[in-house]
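Colleague: I am new to this model and would like to go through it by question and answer. Please put the chain up before we start.

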Amino acid sequence: MLNSDLTYNPEHLLQIAVQARKNACCRYSGFAVGAALITESGVIYTGCNIENKSYPVGICAERVAFSKAISDGHRKFKAIAIAGAPEQQTPEKPCYPCGMCRQFISEFCDDEFQIILSDKIYTLQELFPLKFEI
Ligand code: THU
């Protein structure tokens, strides 16, 4: 176990992220990412990166998972697991969320929100301190 004092199973969530990664549309970068987001009420949403021939149109796995959950009405979240690696490889190294995803997550999650990577569980506070505030 990465951490035993939790109301969800982080290893299970990471496995779901690894599965979700199989749906990645990453023909331009060749880098496949999967995400599994668990809401406060325990519902799990998955996401994968979806690239586009107009490169900036592409979207990251994390924001796909959040967008699915938010558009279903969820507003409170416990954790997200992220798994990313070149398409033909098994994800082993941690896949840190990009800056745009950190900003996106910070709109909906507090400092204690958990970001589960292959090496450890980070808090949003650790990965995105001193966030932009209006
Ligand atoms: N990517 C994600 O899905 N999440 C991240 O946090 C970082 C990057 C995707 C975007 C693009 O499709 C590919 O990985 C390479 O940058």
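Colleague: Leaving aside its neighbours within four places in sequence, which residues is glutamine 114 in contact with?

Modeller: This is a predicted model, in which local features need pLDDT of at least 70 and side-chain atom pairs count only at pLDDT 80 or more, while totals for chains, interfaces and linings use all residues. Residues are numbered from 1 along each chain as its sequence is written, and side-chain values use heavy atoms, with hydrogens and water left out. Contact means heavy atoms within 4.5 Å. With neighbours within four places in sequence set aside, the partners of glutamine 114 are Leu6, Tyr8, Lys78, Ala79, Ile80, Ile121, Tyr122 and Thr123.

Colleague: Is glutamine 114 buried or exposed?

Modeller: Glutamine 114 belongs to strand S4, residues 114–116. Helices (H or I, at least four residues) and strands (E, at least two) are DSSP runs, numbered from the N terminus. Buried means under 20% relative accessible area, exposed over 50%, and partly exposed in between, with a 1.4 Å probe and protein chains only. Glutamine 114 has a relative accessible area of 15%, so it is buried.

Colleague: Glutamine 114 also lines the second largest pocket. What is the volume of that pocket?

Modeller: On a 1 Å grid over the protein atoms alone, a pocket is an open set of points where a 1.4 Å probe fits, with protein on both sides within 12 Å along at least five of seven lines; lining residues have an atom within 4 Å of a point. Besides Gln114, the lining includes Tyr8, Lys76, Phe77, Lys78 and Phe113. Its classes are 5 nonpolar, 1 polar and 5 charged residues (Ala, Val, Leu, Ile, Met, Phe, Trp, Tyr, Cys and Pro count as nonpolar, Asp, Glu, Lys and Arg as charged, and the others, Gly among them, as polar). Grid points are joined across faces, edges and corners, and a volume is the space filled by probe spheres set on the points; for the second largest pocket this is about 190 Å³.

Colleague: Which elements give two or more residues to the lining of the largest pocket?

Modeller: The largest pocket has a volume of about 280 Å³, and its lining has 12 nonpolar, 4 polar and 2 charged residues. Among the 18 lining residues, Ser29, Asn49, Glu51, Ile59 and Cys60 lie nearest its centre. The elements that give two or more residues to this lining are strand S1 (31–39) and helix H2 (61–71).

Colleague: How many residues of S1 are buried?

Modeller: S1 pairs with S3 in the antiparallel sense over 9 bridges, where two strands pair if DSSP finds at least two bridges between them. S1 is also joined to strand S2 (residues 44–48) by 5 bridges, again antiparallel. S1 is largely enclosed by the rest of the structure, because the buried count among its 9 residues is 8.

Colleague: In S2, what is the bridge partner of glycine 34?

Modeller: S1 and S2 form a hairpin with 4 residues between them, and glycine 42 in the turn has a positive phi of about 95°. In S3, glycine 34 stands opposite alanine 83. In S2, its bridge partner is cysteine 48.

Colleague: Which elements do the buried residues of H2 pack against?

Modeller: H2 is mostly covered, with 8 of its 11 residues buried. Among them are Val64, Phe66 and Ile70. The buried residues of H2 pack against S1, S2, S3 and helix H3 (99–108).

Colleague: What separation do the C-alpha atoms of cysteine 25 and isoleucine 50 have?

Modeller: Cysteine 25 is in the loop between helix H1 (10–20) and S1, and at 39% relative accessibility it counts as partly exposed. Not counting residues up to four places away in sequence, cysteine 25 touches Asn49, Ile50 and Glu51. Cysteine 25 and isoleucine 50 are 25 residues apart along the chain, and their C-alpha separation is 4.7 Å.

Colleague: Is leucine 130 buried or exposed?

Modeller: Leucine 130 lies in the segment after H4. Its phi is positive, about 55°, although it is not a glycine. At 86% relative accessibility, leucine 130 counts as exposed.
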